[in-house]
Amino acid sequence: MTSIGAVFEEVTGVLHRCQPSAALFAELSDEESERTHTAISRFVREATTYQALSAANIQTRSERELGRTGLARRKGFKATEELLQSLDGGGSGTRSEQRHLISAGLTAAEAETARLRQLEADLTAAEHPDLPPVVVEVPWFAALGDAVADGTLGTNAAYLIRTGLGEPAVGVTEDMLREALAGLITECRTVNADQAAVLARHARNSIDGAGIASRAEAMRDRQYVRTYTKTDGMLHGDFELDPVNGAFFNSFLLQVTGPRTGGPRFTTEEDKARAEALMKDPRSTGRIRAEFLIEALKVAASANPNEMFMRPPSLNIVALSHPADQPGGTERTEQTKETEQAGQAGQVEQVEQVGQVGPFGHAGTAAVPGRLVVGNGFVEGSSNPAPAAVIETMVCDSGYTPVLFSFDGKPLDVGREQRLFTRTQRQALAVRDGGCMAPGCLLPPSWCEVHHIDLFSTENGQTDIAVGILFGASCHLRIHNDKWKVILKDDVFFMIPPGTADPARTPIRLTSKSPLTLGSPFTFEKWMPASIV
């Protein structure tokens, strides 16, 4: 039987003898280029699966419990990652990449071991029916290991899914994680590793709403700003901010240099004039940002502590809300209905948190007629949830715009009088779409423009939310310039490609990037075990 090593040595030799050259690819047609890249990617996926299993094997032989007899220690390395880097040769992957391989390989190996033990137990039970059955403990992440082994998921995606889901904890059982993982594997077949990581974090938050606050606090603890003076006198620095502060900082940068970095184009005349001046500014984008940041710090340092800033960068805060009597199961009062309607219009005068509700986690609450219950939410431009306490604080902060969705979640509409969508409508669209709706595009809502699915000028389009959809500037231009069509069917948006891109013009389903939109692949309730929905 040919060894695994011999097989890969032969395949490597064949590839090497082909003498890779850019000219080989330049000669291909567009269709051949796509097929070739797909074939290479599949080969790399298969090879990486073997590499992960090999890394797991070496890790098992180098376990810390083995001490100096472990493989890595005997070869003079402190850790398995260092040994793997040496075996990979020059230009090998980073230690982080090696850890990803080890984790994915161990996950697949443990799943295989459990499956073989179960097979042995079943054979034993069949041969000796009089003996008590043997129960084999199957790890909750076994399906993830199988997905790696059969090539359904890549090793990076598997690692990020495993770390994003986390481990069992108080209120989070293995069965809950197992059920969430099953949904994740199905969804992650068609997304990249970065998107899989986001989905995994959403899944964890959906089944562990109580842990959102502690995870948010842990991220706040990891924030830092570090500086040092270089030899030429320049001050160098780096930093990390939690998702809430990071979204605010990005909003500031977007206001400073947005027109240069792909921000929205269809704005007011005043904004257009400012954008034109910014585009003509001879300074680099980095320099403009640095100098504006210093100016902002100067303003803050010299500000009257008894006065508030008039126009801070504004962000949308999204929080699920509904009348407080809903969780308790009592009948909704007229006063409560009025308050709910005020919440839809963004005119809530008093928002009181009396418990965590919504897709981020549920908690029973006493009926408080006339008040809204605000649960966990998120900041526009970030998919990481913010705890209910943080949402309540930010609603009171003039730097944020609260967007409250009522219990029934009815959208806002405006008639045809206005060609451009109003700010209120854009806020609701930001919540519904979560950013650019084009497949694979991850631009946040603040970088998007609203596209009329029925063109206003030629098809009597209405400026209503029902016929509006968010796209980034480049995606929006592609729709118009390349003659793509966006339609709405049964409350689902589809993109229909032009005949030049797809002769069959097969509709492409568009899914929301918002974790709060029902039916979205990012919807938290989708990952909730049936026992807690």
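Which helix supplies the largest share of the nonpolar patch?

**Figure 1. Overview of the predicted protein chain.** The model is predicted: local features require pLDDT of at least 70 and side-chain atom pairs count only at pLDDT 80 or more, whereas totals for chains, interfaces and linings use all residues. Residues are numbered from 1 along each chain as its sequence is written, and side-chain values use heavy atoms, with hydrogens and water left out. The protein chain has 20 helices and 11 strands, taken as DSSP runs numbered from the N terminus (helices H or I, at least four residues; strands E, at least two). Of its 533 residues, 38% are buried, where buried means under 20% relative accessible area, exposed over 50% and partly exposed in between (1.4 Å probe, protein chains only).

**Figure 2. The nonpolar surface patch.** Leu-15, Leu-24, Phe-25, Ile-40, Phe-43 and Val-44 make a patch of about 530 Å². Patch residues have over 30% relative accessible area and no salt bridge; nonpolar side chains (Val, Leu, Ile, Met, Phe, Trp, Tyr) are joined within 5 Å, and like charges within 9 Å. A salt bridge is a side-chain nitrogen of Lys or Arg within 4 Å of a carboxyl oxygen of Asp or Glu. Helix α3 provides the largest share, three residues; α2 (22-26) also supplies at least two. Val-44, in α3, counts as partly exposed because its relative accessibility is 43%.

**Figure 3. The largest nonpolar core.** Among the 34 residues of this core, Leu-153, Ile-161, Leu-165, Leu-181, Leu-184 and Cys-188 touch the most other members. Such a core is a set of buried Ala, Val, Leu, Ile, Met, Phe, Trp, Tyr and Cys residues joined through side-chain atoms within 4.5 Å. Helix α9 contributes the most, with six residues. A second, separate core of 21 residues includes Ile-465, Val-467, Leu-470 and Ile-479.

**Figure 4. Surroundings of Leu-165 and Arg-204.** Beyond neighbours within four places in sequence, Leu-165 is in contact with several residues, including Trp-140, Leu-177, Ala-200 and Arg-204; contact means heavy atoms within 4.5 Å. Arg-204 belongs to helix α10 (residues 193-207) and counts as buried because its relative accessibility is 8%.

Methods
Areas by Shrake-Rupley, 256 points an atom, 1.4 Å probe, with all protein chains shown as cover.
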